[in-house]
Each structure stands twice: as C-alpha cells, then as structure tokens.
Amino acid sequence: MSKTRVTPEEALAFHLEPTPGKFEITATVPMTTQRDLSLAYSPGVAVPCEAISANPETAYDYTNKGNLVAVISNGTAVLGLGNLGALASKPVMEGKAVLFKRFADVNSIDVELDTEDTDAFINAVKLMGPTFGGINLEDIKAPECFIIEQRLKEEMDIPVFHDDQHGTAVICAAGLLNALYISGKKIEDVRIVLNGAGAAGIACLELLKAMGARHQNCIMCDTKGVIYQGRTEGMNQWKSAHAVATELRTLDEAMKGADVFLGVSVKGAVTQDMVTSMAENPVIFAMANPDPEITPEDAHEVRADAIVATGRSDYPNQVNNVLGFPYLFRGALDINARAINDEMKIACAHALANLAREDVPDEVALAYGKNLTFGRDYIIPTPFDPRLIHRIPPAVALAGMNTGAARRPIIDMEAYELSLKSRMDPTASILRGINARARANQARMIFAEGDDPRVLRAAVMYQRAGLGKALVVGRPEDVKSKLNAAGLADADREIEIVNAANTLHLETYKTFLYERLHRRGFDAQDIHRLAARDRHVFSALMLQHGHGDGLVTGATRKSAHVLDRINHVFDADKASGAAGITALLHKGRIIFIADTLVHEWPDEEDLANIAERAATVAQNMGLEPRVAFVSFSTFGYPVSERAEKMYLAPQVLDARGVSFEYEGEMTVDVALNARAQAAYPFSRLTGPANILVVPARHSASISVKLMQEMAGATVIGPILAGVNGSIQMCSTVSTANDILNMAVLAACKVG
C-alpha cells in the first residue's frame, strides 16, 4: 500500500485554514429573536438552574453534560515527542476532540493544564467535574499518569479514562482474543511476554489478567530486562505488581517458547531469532509507533504461522485506539455512568472481537479496495466499519448496567441501537471509502490547468497523499515559478509536467483529432492549434490515448466552454447520453441533483438516461440509489404540461426494467421528507430519495447554488457521467481541496 506523505507546510496550513484550530462551537437552539435569548439566558435559564439545584440528576436533561467529554493533558508525554508542555499539546488534544465527534458523535473540549504538580493537576480536573459527563486523560507521563487516574477515579463520580493506557489495552485484548481463537489456544494457558513497562504496557497486562491470563504465565520486560521478584533496579510499585518468580533475565530468554509477544517499546526490539524461538502459531503484537518492534515482513520470513499486528495503518491488523475510546465513552455517557470499569472495557474488547468474525459489509471492502474476511490478516475490525457505532456502545452500556455503574439504565436496547445507527453522518464514511479506492487504484491523474496555483496545489496534494501520479499540463518554467510562489519549491521534482512541446505523441494526437473533426469544418491548421495550444483538448487527447487514467479540468473556464472542448475528443454531449451529476453534502445527508451540466431542456427519454447515469454514480459512491423525478406537482396535482415529462420519465424506466428505485413526479419535500412521503403509501420509494432528477439545467443550477450559498452545503461536481473516459470538471470558484476531491472521483471512475 502506498504511504501518505505529509509535509510540514501542509500540516501547518491544515491547522491554519479556514480558521485557526480544528473545531468551533455551534448553537443547537434558535438564537434569533428576543424571546429566544430570554429563554436561553435571563430570565428563562433560571428555571433549569433551580431544577438542577433541587435534583442534580436533571443536569443530564437540561444541559450538554451528558454528551460532553474533556480531553485533558499537561503535555508531559506528547505523542512520541516527549515533554513539550501544556500549550504545545493543544493541537493533539484538539485532534482527539475531533475524533470523538467524528466516530461517536461525542462533543468534546480540550483542556490543557499548565502544571507538572500531580496534586495541582488532580485538583484542577476534580473541580471541573460538574461541567463534563466524562474525562479522557491523554499524553501524561508515567508514573504520574497512574497516580492521577487512580485518585480521580476515586474522587469523581463520572468516568475517568486514561486512553494511552486503557485504549491500547482494549484493542490489544480484542485482537488477542481472535488471534488465540484462530490458533486454538486459551488465554488462561498461554505464555505472554510484554516488552515496555510504561502506561500502555502495564494496562495491557492488567486487562488480560482480568480476562483470565495467569499471573505466573505473564513476563514483563523493560529496558533492563525481565521484571522478576527480588529485582530492585529501575522498579516502582506498578512494575512490582507484575514481577514473577523466574530465572529468566532477558527478553531473548523470555521469548523462548512464548505464545504471545506484546510490544509497546521501541523499533527493532525483537529479532528474527526471537520469533523463531517462540511456540507454534505465535502471536506478535508489535505496537511501537511509528515503527514496530519487528515488521510483519521480517516476522513472516522466519515464521509463516505467526499472527502479527502493529500500530500502523499500512499493515493488516492495526491496533488503533480510535476503535475503543469513542465507543466506550458513547456507551458510558448514554447510561450517565459513574465510571468506566473493567467489565465495560472487557465488554468492549469482546464486542470488537466478535465484530471481526462477522461478514464484512460491502462498503468496508469497497473502502479498503479488498475483501476482508476473518483470519490471520483480519483479527481486528477496521476503524471505518459503519457497524462500530451501533455494536460497541450497547455492549459497553449493558456491562455498565450489569455492574451498577449506570445512573440511568437503558430500558429498550433495540431502540437504543436504532438511534445509534441514525446518529452518525454517513457522508464521512462515503468520502473515506472513495479516498481508499483512489489510493488502491493509483491512477495517473491529468491536471489540465497547470497555470493555476489552486490546480498545482491540488496536484501536489494528490501525489503526496499517495493517490497516484500527478501529470500537470503546463509550461515547465511557469509551473516551477508558480509552485515556488505557493511555497512548494521542491514539488516540481515529484509531479510530471507535460505539454505539447515535450510530448512524443503530438502527431498521433493530431491525426486522431483530424479524423474526428475534418468533416465538422476543421482544417489541419485548426487541428494543430487545438492539439498544441488548447490545454483542455490536449489533456483530453492524453486521456483518450491512455497516457493518463483520469482528467480534472474546469477551474479556469466556464463549464460550457470546457465541455465543448472535451467534445472535440470524446462523445460527451446529450446525444451520447452524457449527464452532469452534482453531489450536495449537508447535515449528514448526501443528495445528487441532475442534470447540472449537459441537458438544457431534457425530454422524458433524456430524463430516464439522466436517472440511470445518476444511479450509477450513487452506486459507485457506495449508496443504494433512490431516484425522485421532482417538479412543482405531486402525482398529477396540480396538472401542468410543464410537469408532464416528469410524469412520463418513470414510465420510460418501467419499460427499461432498471434495478434501482424511482418514483415521480413529486415536489422536493415529498422526495426528501419521510413524514411528507407517508401521505403517499403507494409510492415505490422505500425511504427519502437521494437522487433528484430536475426538469431542466437552469432549475438544477439554481437548486445547487441556493443550497451552497444559503445552507452552506458542500458541493462536489458536476460529476460528468456517461462518457467513455474518466473526466471530472471543477467550477471556477473551486478551492484546491475541491479540485483534489474531483481528482479522487476521477481516480475511482465514479462517472
């Protein structure tokens, strides 16, 4: 799998734009009238204040406490960077807050405490207790992290969870359950060797012992070797708790005959000889970051029977904390838990292990560009499995309820699971899937407008994101100077700059173009001008001849002009069945509007073609298409000849016998609103439409731009569909990121 390259400039730009940082606060109630303000603040706010004073439990009803987690650090152990201090840890803590929201819809605020005094830290967190429903401790060095977490758990009545310890432990336990299941071993029988006696290592061993691993079967090692009973050098009370009576003194000795190796230490700590000396079907969790104790390649070279996991996303079996903490807190918050106890962590591990044993949904296979089936290379679910949100929190909540940690037990678990299913924004996983497919395809992407800085930034991002090769059409000296001005001086050595002056194929292109256009009034001179001087035509010719796999254009000229130029090379017009499909992403929904590019005033046959094109795009993006032919009329009322073609188009699809859902004609609210839809029980749509086929291009354009300007919808497209070549067109107001999105769609051949 190709590696993603992130440059310092990109990382800083990402945190700087569009506004500094990674999240903002938005209101969930109206704030427009004087009455709204009176209810939100004085005098209306006094009523819930008095209610909470009389009954503190109602804080979960009248405030955001029940879905608010603090991510707290003092910056003494930031990532692998060491003690950077509280302020420098803020980008990491903001990032953690964003992950809470992205994966489990948990609102989260980062809090950085500028102290290394353990008592001061504990006191500060404890005093903030009334604000939050849970506390996630992060990047605090050992052994202080043990003391801080233990005291806060004792003194606070909300969950306190140090993710560096327990997050890693939970995912490690889930993977180990499945690895042992595959190798036919039991946790109470296996010999486990742990290397790295820090916060994560100790938590891993403690959780495994809580799940049945025997104390005498677990050997813990640190930089000084085995932690044995009687050792005095480099010891503390947390290490001592795991000391065993043994003659073993080195990691090398401990590994002989071991069933399981757990590494949270350093690159290269495990040798191939150590792996060779392990028991049959060895399990190796080499979790050091960014480089594992031993690579899967090196382990498998000497032991084909090894099951290997790492902390890396570019290897199978990634031990990734994002599989744990969002869902642990989701489940804990939803029962207003007093704590996250061992039983809840174990329930999380079992739920993750069980999920990995099930059939993997198509959208996950699509996202990873391969079929995933339970086995040696798939023992832990992937972070983008859409089932995580409705499978893990219920297991955590149930364990919390059974152990008395719940203030408010969930009565109807089935309804709870359904609410979790509808809670998450599906667009994020759709876009993630498309990006993963693009990375797997490694398409050579032609960026036609190499004189535009936005296009150049997008091309460099495409290349550095590991998506494929960027081919930029432009003059080398011009491209280099513009890259230089954009702070990307070294990028010209990475991308490939192509133009008519340096291609070996110009005569081939001209011959092809002359054959195609000479009966349309184009002479040889016209053909030369088009092929050698028009970048849109030149780029299309590159694509037509297989000198690139996809094409992105349209950022510098109006779409009608660009489409006209593309038509010189490809059949991309109404007669050939081409259509423009625009995706609108808004408030967790994705809606396609068609046709936004090709058909000025389509008839019913054209509308049926457009519906088929849009359905293909939706399917390629991992959605089940539901097409609504929209108008100002619903099922014949009011009667209008303007709406007649919208009524006839579904009949055309009836005759074609297509396999997707469609219905019409109907107004937009009936198409999109389940309640409005309920008034028409005969409708063939099984849910709200996700494709709106509109009567004309002008209505499509108005709809898209209105949603963009008034509602702040994200617009992707128009996606050019039905053309024998993967071509995507940006708008002239596109940002570099928008252009990159279109390149990703072209790489996936979405159209």
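The legends below describe close-up views of a predicted model. Local features are given where pLDDT is at least 70 and side-chain atom pairs where pLDDT is 80 or more, while totals for chains, interfaces and linings use all residues. Residues are numbered from 1 along each chain as its sequence is written, and side-chain values use heavy atoms, with hydrogens and water left out.

**View 1. Strand 8 and the two strands paired with it.** Strand 8 spans residues 260–263, helices (H or I, at least four residues) and strands (E, at least two) being DSSP runs numbered from the N terminus. Strand 5 (residues 192–195) runs parallel to strand 8 and is joined to it by 4 bridges, where pairing requires that DSSP finds at least two bridges between two strands. Within this pair, Val193 stands opposite Phe261 of strand 8. Strand 9 (residues 283–286) is likewise parallel to strand 8, with 4 bridges between them, and here Gly263 stands opposite Ala286 of strand 9. In a regular strand the side chains alternate between the two faces of the sheet. Both faces of strand 8 are covered, with Val260 and Leu262 buried on one side and Phe261 and Gly263 buried on the other; buried means under 20% relative accessible area, exposed over 50%, and partly exposed in between, for a 1.4 Å probe and protein chains only.

**View 2. Thr310 in strand 10.** Thr310 lies in strand 10, which covers residues 307–310. Thr310 counts as buried because its relative accessibility is 0%. Apart from neighbours within four places in sequence, Thr310 is in contact with Ala286, Pro292, Pro296, Tyr315, Pro316, Asn317, Gln318 and Val319, contact meaning heavy atoms within 4.5 Å.

**View 3. Ile109 in strand 2.** Ile109 belongs to strand 2, made of residues 107–112, and because its relative accessibility is 27% it counts as partly exposed. Ala70 is 39 residues from Ile109 in sequence, yet their C-alpha atoms are 5.1 Å apart in space. Once neighbours within four places in sequence are set aside, the residues in contact with Ile109 are Phe23, Ile25, Leu68, Val69, Ala70, Val71 and Phe132.

**View 4. The crossing of helix 6 and helix 7.** The axes of helix 6 (residues 118–127) and helix 7 (residues 144–155) come within 10 Å and cross at roughly 35°, where axes are lines fitted to C-alpha atoms, for helices over the stretch in contact, and angles run from 0 to 180 degrees between N-to-C directions. Thr118, Asp119, Phe121, Ile122, Val125 and Lys126 of helix 6 meet Glu144, Ile147, Ile148, Arg151, Leu152 and Glu155 of helix 7. This contact comprises 6 nonpolar, 1 polar and 5 charged residues, with Ala, Val, Leu, Ile, Met, Phe, Trp, Tyr, Cys and Pro counted as nonpolar, Asp, Glu, Lys and Arg as charged, and the others, Gly among them, as polar.

View 5. Helix 26 (residues 604–620) and helix 27 (residues 641–656) cross at roughly 65°, their axes coming within 8 Å. On helix 26 the contact involves Glu604, Glu605, Leu607, Ala608, Asn609, Ala611 and Glu612, and on helix 27 Lys645, Met646, Leu648, Ala649, Val652, Leu653 and Arg656. By class, these are 8 nonpolar, 1 polar and 5 charged residues. Glu600 sits in the loop between strand 16 (589–594) and helix 26, and Glu600 is partly exposed, with a relative accessible area of 46%. Not counting residues up to four places away in sequence, Glu600 touches Ala696 and Arg697.
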